[in-house]
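The reader may wish to keep the structure in view throughout.

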Amino acid sequence: MSKYQIRKIINYFNLVAALFVTALGLFMLAWILSVLFSKGFQYINWAVFTQMTPPPGASGGLLNAIFGTLVITFFAVLIGTPVGIMAGTYLSEFGGNSRFSSTVRFVNDVLLSAPSIVVGVFVYTLIVEPQGHFSGWAGAIALAILVIPVVVRTTEDMLKLVPVQLREAAAALGAPRYTVTLSIVYKAALSGMITGVLLATARIMGETAPLLFTALNNQFWSSNMNQPIANMPVVIYQYALSPYEDWQNLAWAAALLITLSVLAMNILARYTLKGNGAR
Amino acid sequence: MITLENGPAKLAKRAQNSGVLGDKVFRGTAFFFAAMVLAVLFGIMLLLLKEAWPTFAHFGFGFFYHSEWDVVNEKFGALVPIVGTLVTSLVAIVIGVPVSFGIAIFITLMAPNWMKRPVGIAIELLAAVPSIIYGMWGLFYFAPWFANTMQPLMTDTLGNVPLIGPFFQGPPIGVSIFTAGVVLAIMIIPFIASVMRDMFEVVPTELKESAYAMGSTTWEVVWKVILPYTKAGVIGGIMLGLGRALGETMAVAFVVGNSLELNTGLFYPGATIASTMANEFNEASGLHMSSLIALALILFIITFIVLSIAKWFLLRLEKVQEGSKT
């Protein structure tokens with residue numbers, strides 16, 4: 001065999017391997033989704049949305065858990081978004097490349113990938129332990145800490161895409177800097193910033209680890225954020241590993257619901273960004 | 001009252017006055033929240049250190065290398081979870097990096113244009129699937145399949161190779177350090193692949209085309225032109241994936257087997273820092289609690305270092321690219 005042929009064979013072999021691993025990656029996604037549908041879909045019925053989580057051996061639904069997840073997620077996003085947007089605004093509009101903003105940028109990127117369970121422990125020692133009981137607020141704050149880095153990052157990136165000339169044009173008309181930022185720059189970057197918030201929401205909706213130590217779980221209906229509150233991820237965790245078949249079935253139904261919501265939100269976020277033409 | 005004569009001047013002045021104060025307030029608020037990001041980091045470090053202190057004071061340096069984890073007799077050593085964390089992540093990297101590399105090559109060089117975006121999004125959706133879903137799928141579907149097919153195959157082949165043989169031994173129960181590593185690999189592939197893809201896409205076309213013009217095959221272009229050019233970014237992406245794998249909790253808690261015994265075989269059940277915390281935290285108190293928080297601190301510091309290295313490599317690449325542009 002000539003050297004050229006050997007090179008060609010190596011080339012084909014590696015490219016086929018690349019094709020194969022890509023197919024493997026897609027297959028994994030398909031496998032996970034098909035498991036979720038085949039196990040979970042049959043248990044999704046009216047009761048899931050209207051009844052409370054049952055005691056072992058009884059039938060029931062997920063109403064309190066769905067409600068709890070929505071409330072905790074809502075407050076986490078409500079707390080985390082303004083912090084993230086303002087911090088991102090500082091980095092893009094005021095900080096430049098100063099030492100302070102470089103540090104913030106660096107720390108933010110580390111927090112973006114930091115283990116969520118450590119955040120859970122942090123909020124436990126910060127809020128749950130001094131208060132003496134688990135609470136929905138602690139859960140919301142733990143998730144808010146996970147929201148912040150995502151929003152900071154996307155806000156900064158999106159604001160930086162806004163042309164400097166736009167800011168200068170507004171400033172030349174006599175607008176003070178905050179007006180420039182609030183009514184010109186934000187407007188131009190709005191869809192990108194919304195994308196960031198949506199991505200952050202998608203990220204925290206399925207987060208389990210931080211909620212284990214903060215919001216915990218509640219078998220009954222509760223809308224009191226000062227008390228432990230039911231939520232989907234912890235219900236899935238407890239029910240999936242339980243020996244009761246009813247609970248396991250509910251866990252699969254919950255798993256399908258939460259995954260579909262998270263994936264839908266992700267796709268929605270991408271669509272928002274694409275509509276803007278920013279990418 | 002604004003008249004025609006003094007209107008513009010007055011307006012400008014008013015804008016200026018309100019502007020000065022408003023700017024200060026706005027800038028101050030933005031600064032405050034930016035500083036809050038730093039405060040979160042220091043808050044985590046300090047609070048965890050304070051809560052973990054009883055453990056460090058009680059066990060001293062031995063906490064890091066003792067393998068006992070005895071809740072009843074309150075003897076705690078972090079060796080098993082630390083080793084478990086490192087080994088599962090290492091398995092994840094060994095499997096995940098080549099796969100991510102292949103995916104990045106496929107999307108940037110091989111796929112027809114209409115395919116790039118959907119395939120890219122599908123791979124990225126792997127990152128969006130919640131960790132706990134990987135856990136359920138891993139425990140009820142992947143682990144049994146793996147124990148029945150792949151594990152005997154690997155024990156029969158790799159298990160007989162001298163030196164590395166003992167690593168591929170263990171009971172065929174499915175939940176093991178290795179299974180956790182494989183599930184982690186699937187979870188970090190989207191992160192590594194997406195960094196690699198972004199890197200590969202910015203390689204100047206001239207470079208690639210010159211190599212093709214010299215008669216290089218596609219693989220040679222990848223291996224000898226694209227990879228050297230994007231080396232720093234690729235390492236950064238791998239480190240980013242490693243950082244994610246180290247701290248992953250729920251998926252690992254489901255499939256790792258949660259055994260705090262030290263084994264050489266990768267097919268034995270084990271534990272990681274995060275899985276130990278998820279399992280024991282809510283029943284812990286006193287020294288046990290403090291030891292778990294010490295574990296959390298160790299995990300946070302390890303991931304902090306790994307992610308800092310990742311960031312350093314990615315930043316370096318950014319600077320190089322900015323330099324070559326001007």
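A nonpolar core is here a set of buried Ala, Val, Leu, Ile, Met, Phe, Trp, Tyr and Cys residues joined through side-chain atoms within 4.5 Å. The model under discussion is predicted. Its largest nonpolar core comprises 194 residues, of which A:Leu62, A:Ile117, B:Phe63, B:Tyr134, B:Trp137, B:Phe178 and B:Phe200 touch the most other members. Helix H11 of chain B, spanning residues 286-325, supplies the largest share of this core, with 18 residues. A separate, second core has 10 residues, among them A:Val21, B:Ile103, B:Val119 and B:Ile123.

A:Leu62 may be examined individually. Neighbours within four places in sequence being set aside, the contacts of A:Leu62 include A:Ala47, A:Val48, A:Gln51 and A:Thr53. Also in contact with A:Leu62 are A:Met232, A:Val235, A:Leu250, A:Ala254 and A:Leu257.

We turn now to the interface. The size of an interface is often given as the accessible area lost when the parts come together. Between chain B and chain A, the buried area is about 7,400 Å², with carbon and sulfur atoms giving 80%. Chain B contributes 81 residues to the contact and chain A contributes 80 residues.

Polar interactions also cross this boundary. Three salt bridges are found across the interface of chain B and chain A, and nine residue pairs are in polar contact there. A:Arg7 forms a salt bridge with B:Glu220, in which the closest N and O atoms lie 2.7 Å apart. On the side of chain B that touches chain A, helix H1 (residues 7-59) gives the most, with 23 residues. That side of chain B has 55 nonpolar, 17 polar and nine charged residues.

Conventions. Residues numbered from 1 in each chain as written. Chains lettered and ligands numbered in written order. Predicted model: local features only at pLDDT ≥ 70, side-chain atom pairs only at ≥ 80, totals over all residues. Heavy atoms only, no water. Buried < 20%, exposed > 50% of the residue type's maximum accessible area, 1.4 Å probe, protein only. Helix = DSSP H or I, 4+ residues; strand = E, 2+ residues; numbered from the N terminus. Contact = heavy atoms within 4.5 Å. Buried area = accessible area lost by both parts, 1.4 Å probe. Salt bridge = Lys/Arg side-chain N within 4 Å of Asp/Glu carboxyl O. Polar contact = N/O pair within 3.5 Å; in protein donor to acceptor, adjacent residues only side chain to side chain. Nonpolar A, V, L, I, M, F, W, Y, C, P; charged D, E, K, R; others polar.
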